[in-house]
Amino acid sequence: MTVAVVLFTSDLRLHDHPPLRAALDNHDAVVPLFVRDERIDAAGFAAPNRLAFLADCLADLDSGLRERGGRLVLRSGDVVARVREVAREVDADEVHVAADVSRYAHHREDRLRGALREDGRRLRVHEAVVTALPPGAVTPAGSDHFAVFTPYHRRWDQERLRDPLPAPRTVRVPDDVASEDLPRREKVADVSEGLAQGGEQAARRSLATWLRSGVHQYDERHDDLPGDATSRLSPHLHFGTLSPTEIVHRARAVSGSGAEAFVRQVCWREFHHQVLAARPAAAHDDYRAKHDRWRSGGDAEDDFAAWRDGLTGYPIVDAAMRQLAHEGWMHNRGRLLAGSFLTKTLYLDWRWGARHFLRMLVDGDVANNQMNWQWMAGTGTDTRPNRVLNPVRQALRYDPDGVYVRRWVPELADLEGAAVHEPWKLTGLERAQYDYPDPVVSLSEGLDRFKQARGVD
């Protein structure tokens with residue numbers, strides 16, 4: 001009997017899974033394996049919200065495999081040692097894994113390939129699993145990646161994507177492969193109260209609902225903060241419970257301006273992946289250095305704490321940060337506002353914000369989180385790096401009646417209409433009745449400080 005190991009990483013699904021399909025097509029049996037990687041834990045990426053969501057995903061994946069006659073095998077420790085261990089136990093001749101873009105993923109592939117080669121086995125790495133188009137599949141003349149989104153999107157949109165694969169009908173797994181118990185969400189501490197459910201079944205229900213009743217108005221309503229009119233599929237893309245290839249195919253089948261705008265957002269994710277694939281140091285270092293001397297010391301740390309806790313005195317920013325704390329997720333417009341406020345109004349290092357987001361976001365991954373933070377800080381791929389988002393103007397535009405703010409900043413719930421966005425304008429006893437902080441800095445002071453630091457008018 002021939003056996004292959006399929007190492008699941010950021011692709012926790014059965015539908016449209018090229019590594020699993022290839023292993024099943026060429027072997028009598030497979031071992032679907034997930035390794036709880038000790039190096040990821042040690043690096044601080046095992047945040048509670050993602051651990052809880054991951055537990056849902058693994059339970060759902062195991063359930064789907066069992067419906068097809070198989071099961072998920074779970075091991076913990078060093079991923080290379082555990083894969084090698086399982087491959088030896090079943091005498092597998094191949095290990096299949098999806099390609100990824102981070103420096104760690106590349107290092108993991110190199111270590112796996114070398115270890116398996118020593119044992120006379122082969123590593124097969126599959127492209128277009130985590131992304132719809134492999135990073136580097138399209139490049140501009142004279143460069144290994146696109147540094148500006150619009151020309152990348154133009155090329156990406158012209159490429160023909162592979163057809164999605166159906167889920168397998170049967171999965172035969174050797175009987176004698178031991179597995180650890182799967183993690184359970186209820187055993188994870190410090191999980192955000194409103195965290196969404198994970199798993200492929202939940203993902204596919206959400207996608208079907210979105211394509212049926214949400215995507216049509218996406219181009220008009222994607223920035224509508226109170227309307228909450230986005231897909232909320234980003235956690236499922238991060239964990240791979242949905243295939244980006246399938247999402248793009250199904251959205252294009254719906255057609256219309258809303259679907260086009262939604263596919264464009266999927267392309268943004270692909271854009272960041274190809275940037276990080278070409279410049280892995282951008283996970284930590286400025287992609288385009290502005291020679292910033294970010295604030296530090298006690299006052300800076302106090303301002304960061306106010307931002308983190310949703311107590312900056314700017315209701316729209318605080319609402320976004322409180323949504324993050326409650327749900328482990330934040331509306332994209334809120335992310336832009338929170339990021340601009342931290343890096344430009346407070347002039348604090350984007351890495352501080354990126355670390356906090358990675359601690360909290362259920363969809364937090366290195367490519368999208370870090371590159372979006374660099375975009376907001378003006379050290380990334382934004383062609384207007386010194387733009388500063390005014391939180392009051394943004395609030396009046398995207399939450400004109402203050403519904404979003406009242407939802408997340410209940411101490412201001414009695415302030416009617418747009419007045420909720422500027423509580424500092426209240427005076428005397430009227431101001432005193434609201435237990436809400438004054439602004440940590442005036443917008444004019446913050447703007448002047450940023451312009452001076454960047455040397456711009």
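These are my notebook entries on a predicted model.

**Entry 1: the sheet**

I started with the strands. I found an open sheet of five strands, in the order β3-β2-β1-β4-β5, with parallel pairing. Its edge strands are β3 (73–77) and β5 (122–126), and each of these pairs on one side only.

**Entry 2: the pairs**

Next I went through pairs of strands. β2 covers residues 29–37 and pairs with β3 in the parallel sense over five bridges. I picked out D37, whose bridge partner in β3 is G77. Then I turned to β4. β1 and β4 pair in the parallel sense over four bridges. Here L7 stands opposite V97 in β4. On to β5: the parallel pairing of β4 and β5 runs over five bridges. V95 has L123 as its bridge partner in β5.

**Entry 3: strand β4**

Is β4 mostly covered or mostly open? I checked its residues. Five of its five residues are buried, and β4 is mostly covered. In a regular strand the side chains alternate between the two faces of the sheet. I looked for that pattern here. E94, H96 and A98 point one way from β4, while V95 and V97 point the other way. The residues on both sides are buried.

**Entry 4: helices across the sheet**

Which strands does helix α4 lie across? I listed β1 (3–8), β2, β3 and β4 (94–98). Helix α4 spans residues 79–90 and runs at about 155° to β2. I then did this for α5, residues 103–118. Helix α5 lies across β1, β2, β4 and β5. Its angle to β5 is about 150°.

**Entry 5: empty space**

I moved on to cavities. Rolling a probe the size of a water molecule over the atoms shows where empty space is left. How many cavities of 30 Å³ or more does a search of the whole structure find? The search finds one. The largest cavity has a volume of about 40 Å³. I wrote down its lining: L14, D16, H17, L20, R21, L24, L165, P166 and P168.

**Entry 6: T379**

T379 sits in the loop between α16 (366–377) and α17 (391–398). Is T379 buried or exposed? Its relative accessible area is 0%, so T379 is buried. I looked for a polar partner and found Q374. The side chains of T379 and Q374 are joined by a polar contact of 2.6 Å. I then left aside the neighbours within four places in sequence, except that Q374 is beyond that range and stays on the list. T379 is in contact with D286, Y287, R288, K290, D292, W350, Q374 and R454.

**Entry 7: V405**

V405 counts as buried because its relative accessible area is 0%, and the cut-off for buried is under 20%. Which residues touch V405, leaving aside its neighbours within four places in sequence? I found contacts with P315, I316, A319, D399, V420 and H421. V405 and H421 are 16 residues apart in sequence. In space they are 7.7 Å apart, C-alpha to C-alpha.

Conventions:
Residues are numbered from 1 along each chain as its sequence is written. This is a predicted model: local features need pLDDT of at least 70, side-chain atom pairs count only at pLDDT 80 or more; totals for chains, interfaces and linings use all residues. Side-chain values use heavy atoms; hydrogens and water are left out. Helices (H or I, at least four residues) and strands (E, at least two) are DSSP runs, numbered from the N terminus. Buried means under 20% relative accessible area, exposed over 50%, partly exposed in between (1.4 Å probe, protein chains only). A polar contact is a pair of N or O atoms within 3.5 Å; within protein, one must be able to donate a hydrogen and the other to accept it, and residues adjacent in sequence count only if both atoms are side-chain atoms. Contact means heavy atoms within 4.5 Å. Two strands pair if DSSP finds at least two bridges between them. Axes are lines fitted to C-alpha atoms, for helices over the stretch in contact, and angles run from 0 to 180 degrees between N-to-C directions. On a 1 Å grid over the protein atoms alone, a cavity is a set of points where a 1.4 Å probe fits but cannot get out, and a pocket is an open set with protein on both sides within 12 Å along at least five of seven lines; lining residues have an atom within 4 Å of a point. Grid points are joined across faces, edges and corners, and a volume is the space filled by probe spheres set on the points.
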